[in-house]
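Morning, everyone. Let me put the model up, and then I will walk through it chain by chain.

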Amino acid sequence: MKKLQKADYIKMYSFMLKIRRFEERAAQLYGMGKIGGFCHLYIGQEAVVVGILMTIDKNDSVVTTYRDHGHMIARGLDPKRIMAELTGREDGYSAGKGGSMHMFSKENNFYGGHGIVGAQVPIGTGIAFTHKYNGEKNICRTYIGDGAMNNGQVFEAFNLAALWKLPVLYIIENNKYGMGTSVDRAAAGLDLYKRGEAFGIPGEKVDGMNVFSVIEAADKAGKYVREGNGPYIIEVQTYRYRGHSMSDPAKYRTKEELDNYKQTDPIEIVKAEILKKKIATNDEIEKINKDTLEEIKNAAEFATNSPFPKDSELYTDVYL
Amino acid sequence: MSTEILMPALSPTMTEGNLSKWLIKKGDTVKAGDLIAEIETDKATMEVEAVDEGVVLDLLFKEGEANIPVNKAIAIIGDPNEKVEVKKQAPVEKVIEEKKIEKNIETKIEIKKDDIINKPSPKIEEDTNLSSEEITMRQALRDTMAEEMRKDNKVFILGEEVAEYQGAYKVTQGLLQEFGKERVLDTPISEHGFTGLAVGAAFKGLRPILEFMTFNFSMQAIDQIINSAAKTLYMSGGQINCPIVFRGPNGAAAQVAAQHSQDFSSWYSQVPGLKVIAPSTPYNAKGLLRSAITDPNPVIFLENEILYGLKGAVNNDVNFSIPIGKANIEREGKDLTIVTYSIMLQKSKEAALRLKEEFNLDTEIIDLQTLRPLDTETILNSVKKTNRLITVEESWPFGSIGSEIANIVQRDAFDYLDSPVIKVNSADVPMPYSLSLEKLYLPQVDDIINAAKKVSYIN
């Protein structure tokens, strides 16, 4: 694995922080009625997508679930336009027609943002199929929530990916709850990463609160897939600090459980490492904090001032 | 006692077959379970086993003889000592002669049928590129896929049994041999998974043709068709289109009962983002499939198993296409309009002939060809001329294509109507298995005649 440079540490910290600040602001705007519908926050899970980001090639493809804001930020997309999609405005990535759960950026090879649990798994497998069909060396990273791991089409996709040796990396973001149902109440057999074994797909479990562990696993798995060996599964153990969506008070878990995870906060881990390695001073970190807060504040400002889509937009983009 | 071995029906829709090879000869002793012959149907060549025991007394057809009707005696087995029984059997030559005569009669009837029912519509006759040779619907579909695959290597086909088996209904015959296993892919029986995979491939820029062995199985995958394929262009603000064709047989075959005989035309036609096509002849199958494959949107292409064997002239120009969203006036008339699609076009044409003969009614028949977007203009213009409308389709009545047409016509041509619109649909029940009930379930020519009489106030 390529040794992490000083700039990499700063990049990781900045991205994770940006996701956190973005989600906090989104929650605020939701509370103000500026964001409607379903809104699923990524707070607590930042190390997963940022860890994967560190090993990604810009021509690789990504497809994920409806908990996608952080994924878009990690893909380098503009927080202003992401937030504008959340507020349903014309500057949003889907011009206000997709909303929080359905965001895409074709030019950045980001294929959503899918609202149906499990649906993105065959789709990501098909994107990987295209990479192979076109003779490209790229891979498709397909994120799966723990809840989707009990959904039939996931296993159909695993079978096809293994059968046809497709370059797809499946990343299970196990945040312990599928909506309000804990994994142990939903899945017979808790080692989700082993669920590809029957198809011959290797899998491993990774600490998703620690970005360095994620990078290591993602690097190894990414190489395996890119070399044409077929699919690979990483199960990332993570935790969402907030409820399933904004309307979920998360009464199904204890405050102690949440506090316990906060002890291993992914952003604090990176920060401690930066200070320990003397990559940046406290002041420099403070500056990043301040700048990030400012950037997200501007994004919120932008998203609430962007116009609503024109009425005529109702009938566009149905057919090409 | 001697027993006749009859030409077996080897598929639900088989009416005749070819005797490709005898595996027994006169004088052989056969036991139940012995292979006796290879029979070629329109879909496959299969071996046939004996169910009775005895000595082969006679083979009534030679190897290579074609178009032997189902249930025709092809061999006689029995006890060679029972001479009386043997005597009773006609000599081989005679049987063949009889068969020839019968065949002539059949051909005659067929020609007559062709004249009146399968006669190309005026527009097709005007086509100067019309082939002299007639081909089947399945060939027309196959040829069009092959032509488009030659033009664009982003076009590939996947589905159950499309490659090595050559297609469950032989529509993909020869494609594997020409294009290889990278572009003609056999999938596991895994509709939800491989449909999602194909949709993802289309998002990423390929142009999949996905064959459902029948559209009944598309129910396993309908979430990917509607929630992913149809909606993503809209949800992505116009960024990600899905150029895919979902094709396969739709509607009733023959006696395959409730789970394998359903018409999904109105289900899919309800969905913005999808285009829905239902061809009725080899000619329009060719032109429409080309439009479907080259369209940048998801297209549902509803074929019909019974029509796969239908023969007709086609336009062999590799760029010939029929635009999506355009109906065809199959027959012009002034007294009433029938709007129909797919297999019901044949029954509607039969009904139109009888309506002319028996009631002197000139029926205009509109073959929709595309169900979504619907060619409302052609329908409305016709109704404004004839003032009477019936819709004929195989789907269930509730919320059918006819229901939508009735709504459009009452809204936009209310003052032109001289009678209420009547819909002819299948019965509002699951498809029964029994032959007699199946016939009752499906719209028949008499049902169309009765509807026509009703809108024309003929008692």
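**Two chains, one contact**

Of the 459 residues of chain B, 47% count as buried. Buried here means 20 or more other C-beta atoms within 10 Å of the residue's own, exposed means 12 or fewer, and partly exposed is in between, with C-beta atoms placed from the backbone. A word on ground rules: this is a predicted model, local features need pLDDT of at least 70, side-chain atom pairs count only at pLDDT 80 or more, and totals for chains, interfaces and linings use all residues. Residues are numbered from 1 along each chain as its sequence is written, while chains are lettered from A and ligands numbered from 1 in the order in which they are written.

Staying with chain B. Its secondary structure comes to 15 helices and 22 strands. Those are DSSP runs, numbered from the N terminus: helices are H or I with at least four residues, strands are E with at least two. The radius of gyration of chain B is 24 Å, close to the 23 Å that the globule rule gives for 459 residues, so chain B is as compact as a globular protein of that length. That radius is taken over C-alpha atoms, and the rule is 2.2 Å times the number of residues to the power 0.38. Along the principal axes, the C-alpha atoms of chain B fill a box of roughly 80 × 60 × 45 Å. Now contacts. Take those in chain B between residues at least 6 apart in sequence: 75% join residues at least 24 apart. Two residues are in contact if their C-beta atoms, placed from the backbone, lie within 7 Å.

Over to chain A. It has eleven helices and eight strands. Its radius of gyration is 19 Å, close to the 20 Å from the globule rule for 320 residues, so chain A is as compact as a globular protein of that length. The box for its C-alpha atoms is roughly 55 × 50 × 40 Å, taken along the principal axes. Of the 320 residues of chain A, 53% count as buried.

How do the chains meet? 33 residues of chain B are in contact with 32 residues of chain A. On the chain B side, α6 (191-203), α7 (222-230) and α8 (232-235) each supply at least two residues. Which gives the most to that side? α6(B), with ten residues. By class, the side of chain B that touches chain A has 14 nonpolar, 16 polar and three charged residues. For the classes, Ala, Val, Leu, Ile, Met, Phe, Trp, Tyr, Cys and Pro are nonpolar, Asp, Glu, Lys and Arg are charged, and the others, Gly among them, are polar.

**Two helix pairs**

Two packed helices are described by the angle between their axes and the distance between the axes. Axes are lines fitted to C-alpha atoms, for helices over the stretch in contact, and angles run from 0 to 180 degrees between N-to-C directions.

In chain A, the axes of α4 (residues 79-86) and α11 (residues 282-305) come within 8 Å and cross at roughly 45 degrees. That makes α4(A) oblique to α11(A). The cut-offs: under 35 degrees is roughly parallel, over 145 roughly antiparallel, 65 to 115 roughly perpendicular, and the rest oblique. The crossing of α4(A) and α11(A) is right-handed. Right-handed means that the near helix is turned clockwise from the far one by less than a right angle, left-handed anticlockwise. The residues of this contact of α4(A) with α11(A) divide into nine nonpolar, one polar and two charged.

In chain B, α4 (residues 137-151) and α10 (residues 282-294) pack at about 30 degrees, with their axes 9 Å apart. That makes α4(B) roughly parallel to α10(B). The crossing of α4(B) past α10(B) is right-handed. Among the residues that meet are B:Leu141 in α4(B) and B:Leu289 in α10(B).

**Backbone points to check on screen**

Most residues other than glycine have a negative phi, and most peptide bonds are trans. A cis peptide bond joins A:Gly112 and A:Gly113, with omega about 25 degrees. A:Gly113 lies in strand β2 (residues 110-113) of chain A. The bond from B:Arg372 to B:Pro373 is cis too, with omega near 0 degrees.

Then positive phi. B:Ala257 has phi near 70 degrees. With 16 C-beta neighbours inside 10 Å, B:Ala257 counts as partly exposed. B:Tyr457 has a positive phi of about 55 degrees, and sits in the segment after α15 (445-455) of chain B. Buried or exposed? B:Tyr457 is exposed, with 9 other C-beta atoms within 10 Å.
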